[in-house]
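Q: I've got a structure open and I'd like to learn how to read it. Can you walk me through a few features?

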Amino acid sequence: ASLEALLGEIGRSARQPFKAEPLIDGKAASGEVCRIVSPIDCATGVGEVVEAAAETADRAMAAAQAGFVGWSRTAAETRAKALMRAADLLEERRGALLHLLQAEAGKTLDDAMSEVREAVDFCRYYAAQGRTLFGSGDAMPGPTGESNVLRLRGRGVFVAISPWNFPLAIFLGQVSAALMAGNAVVAKPAEQTPLVAALAVRLLHEAGVPQSALHLVPGDGRVGARLVEHRDVAGVVFTGSTEVARLINRTLAMKDGPIVPLIAETGGINAMIVDATALPEQVADDVVMSAFRSAGQRCSALRLLCVQEDVADRMIEMIAGNAQELKIGDPREIDAHVGPVIDRDAKEKLDAHVSAMKQSAKVHHAGDAPAAGTYVAPHIFELNRPHDLAEEVFGPVLHVVRYKADKLEDVLESIEGTGYGLTLGVHSRIDATVEHVIERLSVGNVYVNRNMIGAVVGVQPFGGHGLSGTGPKAGGPHYLLRFATEQTVTINTAAAGGNANLIAMGE
Ligand code: UN1
């Protein structure tokens with residue numbers, strides 16, 4: 001489609017009223033009504049959210065528990081078809097989705113389009129995989145006289161708690177995986193971005209996911225806590241901060257009843273190593289993209305750039321030069337590179353970090369940002385040591401350190417020492433260096449001689465270790481397995497004369 005046509009679709013969608021309500025068995029529940037205001041100008045209303053009260057969350061859990069029975073017995077092929085249809089609907093309705101990704105989450109058109117693409121990919125990928133995985137099961141080789149089948153089933157009610165930075169793609173990644181595996185789902189989108197999530201839920205229902213299998217409860221952390229505490233939770237899938245992942249883990253651990261798994265994707269202090277053999281132009285492009293695209297609000301984004309001393313001056317100069325070219329402002333402008341950060345709290349926190357850095361670090365770049373809206377200009381600061389960056393700074397702020405050629409080990413030790421292990425970039429044309437760095441650091445996604453964001457579903461399975469999450473990787477071949485239980489069925493074929501159908505399962 002032409003750009004005009006696309007912008008037309010977005011423009012028409014912008015005139016619709018949007019509302020996110022708690023949806024239980026497809027019926028709206030009442031609650032406190034709040035306005036969603038766009039981070040683009042902190043003034044324009046995007047729509048309304050009805051926040052779920054505690055008893056609404058409880059009702060959603062009970063409805064999901066009832067819905068699980070039918071959905072888990074639905075053929076995997078039927079579940080896959082619904083997700084495939086949902087993917088088609090996402091593409092057909094992209095105007096409204098793109099509008100919301102821009103207005104509600106402050107995304108540039110580029111980022112919004114990639115996000116719709118990723119959401120579609122998640123639905124199709126898990127559907128394609130689930131068709132086979134959740135089919136009739138795998139026959140296991142064994143002695144004659146018996147048949148053995150290993151099959152996968154849904155666990156029960158999955159609580160899905162998703163972040164505002166990918167309010168469509170990660171929301172749907174979690175929900176589609178849980179549904180494909182045969183679970184019923186209660187989804188709690190981030191409180192900043194319920195509108196796009198509510199639209200996605202309606203598309204899933206329209207595509208054939210029963211209303212009894214997927215329920216929506218917009219709200220803040222209190223609603224999330226209520227869901228996690230519920231006795232019927234069979235699993236939790238969460239993307240967000242390490243701190244909240246810990247809280248969920250603790251809550252699950254303290255509950256009576258079954259042991260409940262948590263699938264968590266959290267943050268990182270992601271580093272990039274650049275040695276003297278790296279290509280400067282490539283490095284400059286990749287660094288600016290990795291640190292400042294999406295206003296640095298990706299868990300995969302580059303936070304700590306480690307440059308070999310011999311080439312540092314030149315590299316930093318080129319990176320700052322590229323950063324200078326970034327256009328910061330209204331993300332609906334077609335040439336904007338950096339939009340706003342998600343809300344006032346995020347901006348305040350980032351502004352405070354930038355002020356502190358201006359006191360203690362060398363400033364290599366300080367951009368300008370519009371005054372209205374929650375914009376934070378890209379900044380580049382040089383630190384004395386990697387340790388000076390002690391926590392994840394979730395925005396467009398890049399920290400640089402220099403290292404001496406014979407001190408690479410110390411840098412790697414500091415990176416390992418953060419306890420995070422999400423993404424890592426390496427720019428070097430020496431194979432031995434690249435191999436060594438990859439071997440030495442236990443990070444989830446390593447990118448060599450390229451940027452380090454934008455993992456592609458099914459191609460670059462995404463997720464980290466340690467403080468960065470539990471695995472398995474989203475968009476990878478093992479993700480669906482964690483949403484399921486395994487059941488081994490062993491039948492004595494000699495004794496079971498009349499069970500021909502059951503026995504056929506294992507053949
Ligand atoms: C996140 O930001 O929470 O590779 C994770 C990427 C994205 C990151 C998603 N898949 O940049």
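Q: Where does E265 lie?
A: Strands are DSSP runs of E, at least two residues long, and helices are runs of H or I with at least four, both numbered from the N terminus. Here E265 lies in strand β12, residues 262-265. Keep in mind that this is a predicted model, where local features need pLDDT of at least 70, side-chain atom pairs count only at pLDDT 80 or more, and totals for chains, interfaces and linings use all residues. Residues are numbered from 1 along each chain as its sequence is written.

Q: And where is C299?
A: C299 sits in the loop between α10 (280-292) and β14 (304-308).

Q: Is E265 buried or exposed?
A: You count other C-beta atoms, placed from the backbone, within 10 Å of the residue's own: 20 or more is buried, 12 or fewer exposed, in between partly exposed. E265 has 26 such neighbours, so it counts as buried. C299 has 27, so C299 counts as buried too.

Q: What does E265 touch, leaving out residues up to four places away in sequence?
A: Contact means C-beta atoms, placed from the backbone, within 7 Å. E265 touches T239, C299, G463, G469 and A474. On its side, C299 is in contact with E265, G267, G268 and L422, again skipping neighbours within four places in sequence.

Q: Which residues does UniProt list for "active site"?
A: UniProt positions use the numbering here, with feature names shortened, and annotations may be inferred rather than shown by experiment. The unreviewed entry lists E265 and C299.

Note on methods: Two residues are in contact if their C-beta atoms, placed from the backbone, lie within 7 Å.
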